Amino acid sequence: MDVDEALLTGESVPVSKVTETLEGSDIPLGDRINMTYSSTVLTKGRGKALVTATGMQTEIGKIALRLLTSDSSRKTPLQRSLDRMALYLLVVAILAIIIVFSVAKFQIGDSQILYAISTAIAVIPEALVAVVTLTQAFGVHAMAKANALVRKISALELLGAVTNVCSDKTGTLTQSKMVLTRFWRPEEGFYKVGGLGFSIEGDITRESDNTVVATDQLSNGIRDMVLTGALCNMSELRKNKDSEGYHGIGDPTEVALQVFAYKAHMGKPSLTESEDKGNWKLIAEYPFDSAIKRMSIIAQSPDGLYYAFIKGATERVIGSCVAARLGDKTRSMNQDELDQLIMPQVEELAKGGLRVLTLGMKKIKAEGEIGPDTFTREAIEQDMEILGLVGIYDPPRAESRAAVAECHQAGITVHMLTGDHVATATAIAREVGILPDDYGLSDDPEKHPKDLVMPATKFDKLSEEQIDAMPQLPLVIARCSPDTKVKMIEALHRRKRITGMTGDGVNDSPSLKESDIGIAMGQNGSDVAKQAAEIVLVDDNFATIVRAIEEGRRVFANISRFVVHMVSGNVSQVVPLVIGTGFFDNTNTSVFLMTPIQILFNNVLTSSPPAMSLGLEPVHPDQMLVPPRPTSEGLFSTSNVIDLMYYGWMMGIICLLNFIVVVYGYGNGQLGENCNKEYNPSCEVVYKARGTVFTTLTLMILLHGFTCRDLVNPVWTWSAWTKRKQNYYLLASFTGCVILMLIALYVPVLNTSVFKHRGIDWEWGIVAASILVYIILTEVWKFFKRGYLRRRQIRYEEKMRQEDQERIERFRALEQSQSPTT
């Protein structure tokens, strides 16, 4: 009785059930071969079972219970940051209103009310919510183009902070297509087979001298191996209708053997359906039986002779053999000699994570015609000759190793949590770069930290204290159950890590829900897994996860950029507006440094377009070369708050000084009369000063958008403008806003009656000097900031080293306390 348990364990091969008692109380779910589970699929046979659990007590019920009790209603860090910012800005706006009214000695008229309201509006970044939504929407669109569908938009902000990715193996890091990559022939040695997936193109290379062997120069022994793999095989390879490739039908292992035969130009159709030459005929088939783990057939060759072919698990095929094909000669051997010849080669293949099959054949001596019932299975499966060994496995995707390397470069640790066996998981992890290339192969056991690879049975036995004391969490956990994955994520959370978890089966849904970012497979994933996840991969490819993380980093960085730009722009308006209430005219009335219309123009038309453009900023060249941001650094990190306050005050003070220079330096120091309401000859200097402040502030806010493209590195350098990808949205918004500024500055009536300023002439020199001072001060600020960040990074790394050392000491102390005393 075979049961497909992919829903629970993720293994695609049906499990053959037995009635024997299994010893031990900690057997992994996938190894409990005397148990059947709710919601799994019976694929072959029949049986009677004793019910041991129902409803929520079943394995599937436990998963459902975990999903029901998961809390997904908490606000994200971005939402909490925006909530706090709204409260702070509300307080500042109220204070600004009180200051304006206080300067007017609470003799409040229409102009004072309008100015106070405008000042309060200058505090509020009106477009912030719209820009956040726009940036996230474009991020979702970009990720969809990269084959990652975002189900919950809040996942975007956490993607940029991901420190650990826990990935499944089959189909995500690997191709989910079994491929024969290596084989061994007695006296001829090992051969490598090229080509991946179902491609029928691939070179056969002798490993001893790295020579490619042409298909017409294959030895007779190799040709017999290929013949066995092609004929003792029930699978088919068919050409795709909509593409040039092929797809396999049948057992994945047999498909791999059939593809190998095609590469040697000996595919089953060419042997049994050829029109140019005689064909092989299948006489009898003895199908694969999980009890004896082998399969055999009888076939008639084109010249009328009969042969038996066998394939299966090495230990079962050796028992049916009495000889080995050495070169072109057959040599009789007893079982001990066969073991000495074959088993070291089996270990060599298995060390690479390959599933090893043994192939054999014999010539049948019989008089007369042979039919399906002529021989019993026992009679055929004896006195065989061993032809050689083949190694089959699910190879990594071509892009997986580069994607893992990119993760490591970005400071992201990749873990493999798989239901596969330890040897296979270790081999794949080595190939994709999760483990060092020589892990498990080196003779020096101290070369690498121990327990980088751990079976789930061992990991599940560890207490939270033991796991937390481990110097490093395992990079590979094999034979995982749903609880193992959840336990791993909880361990990462206790270390303050942000985790991304991939999964496709129902068994993965609890860990997808528990992780910070659940990533479900779109092609082979279950609906339950997709519902539990925040992101769905359309192509089931690990490299897509890396692209998603890169996009998540871009989105959060862009949000940080435009928040610094918008809020610092607001501060730059509030500073001169509040301080400027100290200027009084001849009637002892406060003269507004900027009018309400100017304030609204800068706050809405000048500040918002550059901020929206920063939300569409291309990926920074260093985006994936820096570690993930710490979880403590949210949108309003100390660095961002200092930036926005510095830039805001700096631009505000420059504008204030411009007003003073025009009025008191080049003017007569007279502030006129009633200049807040209408133009008269006494207001000429005030109107010119307002025009200068308006122009300076508008241009600085627009140029500030370019400064905020990179809050750390220089922007106003030649290399930054020529070597880095430009933000054309920002250039367009700059051009458009400058045109609007010139219209507001020079169009008659509009300038004096609406904006209450005059067009400037010689004051352009002050504007140019102000822009130059702004650029110099920003680059000087960034220079000192880079030095500070370098020192902070050194302190952080030293702190991490100390924590690791303390963890190692705790782990050693814990091991010593738990070791038996002598």
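Predicted model: local features only at pLDDT ≥ 70, side-chain atom pairs only at ≥ 80, totals over all residues.
Let's look at the S20 end. Strand S20 runs parallel to strand S21 (residues 476-478), and three bridges join them. If you want a pair to click on, Met454 has Ile477 in S21 as its bridge partner.

Gly500 stands opposite Ile517 in S23. How many of the five residues of strand S23 (residues 517-521) are buried? Five of the five are, so S23 is largely enclosed by the rest of the structure. The side chains split by direction: Ile517, Ile519 and Met521 point one way from S23, while Gly518 and Ala520 point the other way, and all are buried.

Two bridges hold strand S1 (residues 2-4) and S2 in antiparallel pairing, with Asp2 opposite Ser16 in S2.

**Domains and annotated spans**

Zooming out, the chain is divided into four parts: domain 1 (2-69), domain 2 (127-145 + 553-619 + 639-804), domain 3 (164-174 + 398-540) and domain 4 (179-393). The centres of domain 1 and domain 2, taken over C-alpha atoms, are separated by 64 Å.

An unreviewed UniProt entry carries the annotation "transmembrane region" for residues 85-107, 113-135, 644-667, 728-750 and 762-784. In the model, residues 85-107 are 83% helix and 0% strand, with their end C-alpha atoms 32 Å apart. Residues 113-135 are likewise 83% helix and 0% strand, and there the end C-alpha atoms are 35 Å apart.

Helix H21 (residues 596-606) is worth a look too. Its buried residues are Pro596, Gln598, Ile599, Phe601, Asn602, Asn603 and Thr606. What covers them? The cover includes helix H4 (110-123), helix H20 (542-579), helix H22 (608-614), helix H24 (684-707), helix H26 (728-746) and helix H27 (750-755).

**Salt bridges**

A search of the whole structure turns up 30 salt bridges. Here are some of them, with N to O distances.

| Side chains | N to O distance |
|---|---|
| Glu59 and Arg32 | 3.8 Å |
| Glu348 and Arg182 | 3.7 Å |
| Arg325 and Glu385 | 3.2 Å |

Take the Glu59 and Arg32 salt bridge. This pair links distant parts of the chain: Glu59 is in helix H2 (residues 59-69), and Arg32 is in the loop between strand S2 (15-16) and strand S3 (41-44), 27 residues apart. Arg32 is partly exposed, with a relative accessible area of 29%.

Next comes the salt bridge between Glu348 and Arg182. Glu348 lies in helix H11 (residues 335-351) and Arg182 in strand S6 (residues 179-185), so the pair ties together parts that are 166 residues apart in sequence.

The last pair in the table is Arg325 and Glu385. Arg325 belongs to strand S15 (residues 321-326) and Glu385 to strand S18 (residues 384-393), so this one also links distant parts of the chain, 60 residues apart. Both Arg325 and Glu385 are buried. Elsewhere, salt bridges that share partners join Arg182, Glu207, Glu348 and Lys351 into one network.

Terms used. Residues numbered from 1 in each chain as written. Heavy atoms only, no water. Domains from an automatic or database assignment. UniProt positions renumbered as here; feature names shortened; annotations may be inferred. Helix = DSSP H or I, 4+ residues; strand = E, 2+ residues; numbered from the N terminus. Pairing = 2+ DSSP bridges. Salt bridge = Lys/Arg side-chain N within 4 Å of Asp/Glu carboxyl O. Buried < 20%, exposed > 50% of the residue type's maximum accessible area, 1.4 Å probe, protein only. Contact = heavy atoms within 4.5 Å.
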